[in-house]
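Please look over the sequence and the structure shown here before reading on.

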Amino acid sequence: MESRQAALPRTNALTLSAEAVRKSGRVLFAFSSFYLPAYDLPADFMFSRYDVFGYLSAAIYEIDEQVEVGASYHKAANQLDTLAGYLAERIRIDAKIESLFEDAKEYYRFEDRVLGRDAFDFSDVIANASRRSFDFRLMHRALVQLKAWDYDELLFDWFRKFEMKMEVEDDLQSFDEDLTRGTFNTACLVARVAGGSAPALVEAYREELDEGIEKGLRTLSEAQKQRCGGVLSRYREIVPRPLTPSLSGNREHHR
């Protein structure tokens with residue numbers, strides 16, 4: 001029998017709600033469906049280091065939930081620092097990972113502005129849309145480190161576009177629900193700032209991402225092209241391409 005992993009030092013950690021753990025299942029399912037196949041890894045690899053993948057995904061959901069019910073940006077930033085401390089005992093917090101934590105803080109800073117009804121424009125929405133999925137990106141970097149591989153920045157860049165595609169399509173499917181609940185949704189924000197132009201802007205954004213994904217495939221090795229092509233096919237099996245709704249900005253939500 002394989003020997004038990006050496007005990008890790010204790011550190012301060014976020015207390016996770018049952019709801020955050022439940023919701024993190026969606027992220028873990030996507031990670032095992034899309035990221036592990038890109039490296040030809042079995043699904044059980046994720047469970048062999050659940051202290052990294054399970055905790056990280058649930059912790060991000062916990063912070064998300066708290067921000068959505070009114071927690072301040074400063075509290076979110078402190079919680080991210082606590083999460084970074086937890087991960088530092090398990091992986092190397094290098095410049096790339098530090099940058100992802102900074103993206104997370106900027107994203108929550110923007111969400112705090114939005115929930116506070118501060119002014120923002122379309123460029124703000126797109127800039128922060130590119131910062132989303134930092135949970136997937138942290139898990140992806142952790143995966144490569146845990147396998148003691150070198151980072152392949154071309155593959156990370158391909159996944160970055162794929163992640164943005166997943167986010168916007170998820171937002172389109174939950175547009176009405178998120179508008180009513182007041183939760184963060186890129187399509188809802190575009191509707192607020194662009195009015196009747198919102199559907200065309202969102203569709204152009206999706207097309208730009210699709211083009212970037214296809215262009216990025218051509219930069220990858222033959223094995224990576226095959227595996228990432230399989231990722232795209234698997235994604236479409238799970239998530240049929242959603243239509244862009246009217247995105248009516250007249251249904252303003254109130255918090």
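This is a predicted model: local features need pLDDT of at least 70, side-chain atom pairs count only at pLDDT 80 or more; totals for chains, interfaces and linings use all residues.

Residues are numbered from 1 along each chain as its sequence is written, and side-chain values use heavy atoms, with hydrogens and water left out.

- Helices here are DSSP runs (H or I, at least four residues), numbered from the N terminus, and axes are lines fitted to C-alpha atoms over the stretch in contact, with angles from 0 to 180 degrees between N-to-C directions.
- The axes of α3 (residues 50–68) and α5 (residues 95–115) come within 10 Å and cross at roughly 25°, and the two helices are therefore roughly parallel, a term for angles under 35 degrees.
- Ile60, Ile63, Asp64, Val67 and Glu68 of α3 meet Tyr108, Glu111 and Leu115 of α5, where contact means heavy atoms within 4.5 Å.
- By class, this contact of α3 with α5 has 5 nonpolar, no polar and 3 charged residues; Ala, Val, Leu, Ile, Met, Phe, Trp, Tyr, Cys and Pro count as nonpolar, Asp, Glu, Lys and Arg as charged, and the others, Gly among them, as polar.
- The axes of α3 and α4 (residues 73–88) also come within 10 Å, but cross at roughly 175°, and these helices are therefore roughly antiparallel, a term for angles over 145 degrees.
- Residues making the contact of α3 with α4 include Tyr55, Leu56 and Ile63 from α3 and Leu80, Leu83 and Leu87 from α4, and by class the contact has 12 nonpolar, 2 polar and 2 charged residues.
- α4 and α5 pack at an angle of about 160° with their axes 9 Å apart, and α4 and α5 are therefore roughly antiparallel to each other.
- In the contact of α4 with α5, Tyr73, Ala76 and Leu80 are among the α4 residues, and Phe101, Ala104 and Tyr108 are among those of α5; its residues divide into 10 nonpolar, no polar and 4 charged.

- Not counting residues up to four places away in sequence, Tyr108 touches Ile60, Ile63, Asp64, Val67, Tyr73, Ala76, Leu80 and Phe134.

**Individual residues**

- Asp40, in the loop between α1 (18–38) and α2 (44–48), has a phi near 55°, a positive value in a residue other than glycine, and is exposed at a relative accessible area of 58%, where exposed means over 50% and buried under 20% (1.4 Å probe, protein chains only).
- Ser133, in the loop between α6 and α7 (134–146), likewise has a positive phi, of about 65°, but counts as buried at 4% relative accessibility.
- Most residues other than glycine have a negative phi.
- Thr186 is found in α10 (residues 186–194), counts as buried at 5% relative accessibility, and touches Val125, Ala129, Arg132 and Asp171, not counting residues up to four places away in sequence.
- Ala119, in the loop between α5 and α6 (122–129), is exposed at 69% relative accessible area; Ala119 and Val193 are 74 residues apart in sequence and 9.2 Å apart in space, C-alpha to C-alpha.

Methods. Angles under 35 degrees count as roughly parallel, over 145 as roughly antiparallel, 65 to 115 as roughly perpendicular and the rest as oblique.
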